[in-house]
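Please look through the sequence and the model, then read the sections below.

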Amino acid sequence: MSENLNSASAMLDDASAEIEELEKQVAIFFDSQPYQRVVEHDARTRSDTHKIKMTRQIPGQFRSKARHIASDIRSSLDHIGYASAIATGKSKPKKASFPFARSADEATNVRKRNCQDLPDEIFDVFWSFQPYLGGDNILWALNELANCNKHRSIVPVGQGLSGAQMIHNFSCDGICHELAFPSQWDTEKSEAILCVVDNAANTNYNIQLGFDIWFGEIDVLRGQPVIPVLKYFEKLARNIVRAADSEGVRIGIFS
């Protein structure tokens, strides 16, 4: 790897370590069982609704850490552009950003607006990774996540909420109005309905739960698990570093 891209590689090393730390923190949080099974009684309908509900909010640091990781990965791409511009003799390049765009048709405009100091060959390498909607949508969303401050950018989601994985030995000796297997996790209420039964019924079952954090109110990423997406960002950024390094060596700006 060219010394010109050491800063980009170092940022990605830091991001990789932070992803591993976040993954451990998420596991510890859910291992503490921040949820419970509840039964809500409805006197009007004489029914009981069995639910799984979160009893604690996910730590705010999960959201801030995920954004920080995304921001570091996002910045590493700009470091590639800056190093490329410096290597061509630009003293203070201000338009050497990685070219995120809303569509493939914006290549010329993005080139003029944000990437004038980039060598054409490096811009072409960047653009070959399709950092726009309709290309690699997940890569495009990296820029959105790095700049996102929404409260519900990351939400807890119940995993494995299927009959085979979650509910064992279900029995009910009365009227069962609703049997929600597989259960659907409601991210707005942080809960999942298991079943709705007559309140006079004896209902028994064993449950097996799994949880994770997913992206919430972010375009493209909504409903995607956080840790795998962050790992994808980091891996892809390293591929971009390698591709830019190879092209820089080929055209003679990196050694």
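Glutamate 234 is buried, because its relative accessibility of 12% is under the 20% limit. The model is a predicted one. Glutamate 234 is found in helix H7, and its side chain makes a polar contact of 2.3 Å with the side chain of arginine 238. Apart from residues up to four places away in sequence, glutamate 234 is in contact with Leu12, Ser16, Ile19 and Ile73.

In total, 11 salt bridges are counted. One of them joins aspartate 13 to arginine 238, with the closest N and O atoms 2.8 Å apart. Aspartate 13 belongs to helix H1 (residues 6-31) and arginine 238 to helix H7, so the pair ties together parts that lie 225 residues apart in sequence.

Both partners are partly exposed: aspartate 13 has a relative accessibility of 45%, and arginine 238 has 22%.

Lysine 51 forms a salt bridge with glutamate 40, where the closest N and O atoms are 3.0 Å apart. This pair links strand S2, which holds lysine 51, to strand S1 (residues 35-42), which holds glutamate 40, across 11 residues. Lysine 51 is buried at 9% relative accessibility, whereas glutamate 40 is partly exposed at 34%.

Another salt bridge connects lysine 51 with glutamate 191, at 2.9 Å from N to O. Here strand S2 is linked to strand S7 (residues 191-198), and the two residues are 140 apart in the chain. Lysine 51 and glutamate 191 are both buried. Through shared partners, salt bridges join Glu40, Lys51, Lys53 and Glu191 into one network.

The side chain of aspartate 48 does make a polar contact of 2.7 Å with the side chain of histidine 41. Leaving out neighbours within four places in sequence, the contacts of aspartate 48 are Val39, Glu40, His41, Cys195, Val196, Val197 and Asn199.

## The nonpolar core

The largest nonpolar core has 71 residues, among which Ile80 and Leu230 touch the most other members. Helix H7 (residues 226-251) gives the largest share of this core, 10 residues. Beyond four places in sequence, leucine 230 is in contact with Ile19, Leu22, Ala66, Ile69, Ile73 and Leu145. In soluble globular proteins, nonpolar side chains tend to be buried together.

## Tyrosine 132 in a loop

Tyrosine 132 sits in the loop between helix H4 (120-128) and helix H5 (137-146). Is tyrosine 132 buried or exposed? It is buried, with a relative accessible area of 9%. Not counting residues up to four places away in sequence, tyrosine 132 touches Ala101, Arg102, Ser103, Ala104, Trp127, Asn137 and Trp140.

## Cysteines

How many disulfides does a search of the whole structure find? It finds zero. For cysteine 172, the nearest cysteine sulfur is that of cysteine 176, at 5.3 Å. For cysteine 195, the nearest is likewise that of cysteine 176, at 5.6 Å. Cysteine 172 is partly exposed, with a relative accessible area of 24%, and cysteine 195 is buried at 0%.

Methods. Residues are numbered from 1 along each chain as its sequence is written. This is a predicted model: local features need pLDDT of at least 70, side-chain atom pairs count only at pLDDT 80 or more; totals for chains, interfaces and linings use all residues. Side-chain values use heavy atoms; hydrogens and water are left out. A disulfide is a pair of cysteine sulfur atoms within 2.5 Å. Buried means under 20% relative accessible area, exposed over 50%, partly exposed in between (1.4 Å probe, protein chains only). A nonpolar core is a set of buried Ala, Val, Leu, Ile, Met, Phe, Trp, Tyr and Cys residues joined through side-chain atoms within 4.5 Å. Helices (H or I, at least four residues) and strands (E, at least two) are DSSP runs, numbered from the N terminus. Contact means heavy atoms within 4.5 Å. A polar contact is a pair of N or O atoms within 3.5 Å; within protein, one must be able to donate a hydrogen and the other to accept it, and residues adjacent in sequence count only if both atoms are side-chain atoms. A salt bridge is a side-chain nitrogen of Lys or Arg within 4 Å of a carboxyl oxygen of Asp or Glu.
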